[in-house]
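Me: Could you walk me through reading aromatic contacts in a protein model? I would like the general idea and then the case at hand.

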Amino acid sequence: MNHPFIQPPQVEWASGALTKGPLLRKSTRIRDLIGIFADDPARQRLAGEHVVYDVEILATSPAEGELYTGVTHLYPGRVGDEYFMTRGHFHARREQGEVYFGLRGNGLLLLQNEQGQARLESVCAGSIHIIPGFTAHRLINTGSEVLSALAVWPGVAGHDYAALAKGFTLRVFEENQQIQVREAQNE
């Protein structure tokens, strides 16, 4: 009996492109990020259609026990002096963790627990980031090229953006061509 070989989905490690699978794609634009950056007037001066990041996800069942796999492509740029970043979120099911794998570019992963304690991890090609449950997370592109990270998370995790209505407690800016981390002001 001949058994056929199945070609599973693939990721192109150098670019982060997902192939050979049913894909869902979503672009997040400047106009979608109201209240995310410290300098909203600077955000408003940018073209609303400007894409800040794209996400590609392998179409998977959201059922218990299933895993999502996706790649975030965060473009370089700034709003005022603040680096481009993803919206960031907790999981709706807080106990669910996630794993990020840096594919290309340079940036930071901002992690924050429910008590507001935050830390930053460097993201680069080959970096591995274990995001524990009960931890909000956001990618920040501090480089001059696309920052791409592969993520794997439980299909049941969900996203809770509302829990971060007041934002993360740390912000990352460029000042004098250096990365600067500041505590967020209660905006």
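Reply: Gladly! Let's start with burial: Phe37 is buried, and so is Phe84 (buried means under 20% relative accessible area, exposed over 50%, partly exposed in between, with a 1.4 Å probe and protein chains only). This is a predicted model, where local features need pLDDT of at least 70, side-chain atom pairs count only at pLDDT 80 or more, and totals for chains, interfaces and linings use all residues. Residues are numbered from 1 along each chain as its sequence is written, and side-chain values use heavy atoms, with hydrogens and water left out.

Me: How many aromatic pairs are there?

Reply: Rings of Phe, Tyr and Trp (its six-membered ring) pair if their centres lie within 6.5 Å; planes under 30 degrees apart are stacked, over 60 edge-to-face, and the rest tilted. Here the count is 2. Phe37 and Phe84 make a tilted pair, 6.4 Å centre to centre with 55 degrees between the planes. Phe37 sits in the loop between strand S3 (23-29) and helix H1 (40-45), and Phe84 in the loop between strand S7 (82-83) and strand S8 (98-104), so the pair ties together parts 47 residues apart in sequence. Helices (H or I, at least four residues) and strands (E, at least two) are DSSP runs, numbered from the N terminus.

Me: What about Tyr68 and Trp153?

Reply: Their ring centres are 5.5 Å apart and their planes at 40 degrees, so that pair is tilted. Tyr68 belongs to strand S5 (residues 67-74) and Trp153 to strand S13 (residues 147-154), 85 residues apart. Tyr68 counts as buried at 18% relative accessibility, and Trp153 counts as buried at 8%.
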